[in-house]
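Dear colleague,

Please find below the structure that I am handing over to you.

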Amino acid sequence: MLFKTTVFAVCALLFASLINAASVNPDADAQVLRYDADNIGTDGFKYGYETSNGISVQEEGQLQNAGSENEAISVRGQYQYTGPDNIVYQVSYVADENGFQPQGAHLPVAPQ
């Protein structure tokens with residue numbers, strides 16, 4: 001009888017931990033609500049998407065100084081998501097010959 005009770009208790013705990021694990025990551029069931037990809041070519045690109053869990057992304061890039069020794073791609077974009085603290089975080093950025101330059105209300109600002 002003790003064996004059956006122990007087996008039942010172990011199975012109940014495993015079942016409860018599986019249910020808990022499934023609820024820990026609600027992003028696992030997120031659906032793509034919108035996906036746009038325009039102007040994808042050798043001289044640039046533009047895309048964006050939104051998901052049901054509040055993630056939103058927009059990005060575009062252009063080829064700069066085509067055919068020269070300083071040829072590079074310049075990218076501008078933004079993304080936002082809801083953090084575990086239920087705050088919506090938004091980041092805008094530029095990535096070019098000067099590196100990745102993010103801006104957001106929650107990000108620290110480098111001294112001048």
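Gly77 lies in strand β4, which covers residues 72–82. With a relative accessibility of 15%, Gly77 counts as buried; buried means under 20% relative accessible area, exposed over 50%, and partly exposed in between, with a 1.4 Å probe and protein chains only.

Please note that this is a predicted model, in which local features need pLDDT of at least 70 and side-chain atom pairs count only at pLDDT 80 or more, while totals for chains, interfaces and linings use all residues. Residues are numbered from 1 along each chain as its sequence is written, and side-chain values use heavy atoms, with hydrogens and water left out.

As to the overall composition, the protein has one helix and six strands, in the sequence pattern α-β-β-β-β-β-β. Helices (H or I, at least four residues) and strands (E, at least two) are DSSP runs, numbered from the N terminus. Of the 112 residues of the protein, 15% count as buried. Among the contacts with a separation of 6 or more, 8% are accounted for by residues 24 or more positions apart. The accessible surface of the protein comes to about 8800 Å², and carbon and sulfur atoms hold 58% of this surface; the areas come from the Shrake-Rupley method with a 1.4 Å probe, and for residues only the protein chains shown count as cover.

The six strands form an open sheet in the order β1-β2-β3-β4-β5-β6, with antiparallel pairing; two strands pair if DSSP finds at least two bridges between them. At the edges stand β1 (32–41) and β6 (99–103), each with a single partner strand, so one side of each has no neighbour in the sheet. On average, neighbouring strands of this sheet are turned by 10° against each other, direction ignored. The axes behind this angle are lines fitted to C-alpha atoms, for helices over the stretch in contact, and angles run from 0 to 180 degrees between N-to-C directions.

Within the sheet, strand β2 (residues 44–51) runs antiparallel to β3 and is joined to it by seven bridges. Gly48 stands opposite Gln58 in β3. Ser56 is also placed in strand β3, which spans residues 56–64, and Ser56 is buried at a relative accessible area of 11%. Not counting residues up to four places away in sequence, Ser56 touches Tyr49, Glu50, Gln78, Tyr79 and Gln80.

The structure holds two salt bridges, a salt bridge being a side-chain nitrogen of Lys or Arg within 4 Å of a carboxyl oxygen of Asp or Glu. One of them joins Asp36 to Arg34, with the closest N and O atoms 2.5 Å apart. Asp36 is partly exposed at 33% relative accessible area, and Arg34 is partly exposed at 21%. Arg34 also forms a salt bridge with Glu50, where the closest N and O atoms are 3.1 Å apart. Because Arg34 lies in strand β1 and Glu50 in strand β2, this pair ties together parts that are 16 residues apart in sequence. Glu50 counts as partly exposed, at 33% relative accessibility. Through shared partners, salt bridges join Arg34, Asp36 and Glu50 into one network.

Finally, there are five aromatic pairs in the structure. Rings of Phe, Tyr and Trp (its six-membered ring) pair if their centres lie within 6.5 Å; planes under 30 degrees apart count as stacked, over 60 as edge-to-face and the rest as tilted. The rings of Phe45 and Tyr47 have centres 6.2 Å apart and planes at 25°, so this pair is stacked. Tyr47 is partly exposed, with a relative accessible area of 25%. Tyr93 and Phe100 form a tilted pair, at 5.4 Å centre to centre and 40° between the planes. Tyr93 counts as buried at 9% relative accessibility, whereas Phe100 counts as exposed at 53%. Ring pairs link Tyr79, Tyr81, Tyr89, Tyr93 and Phe100 into a cluster.

With kind regards

Technical notes: Contact means heavy atoms within 4.5 Å.
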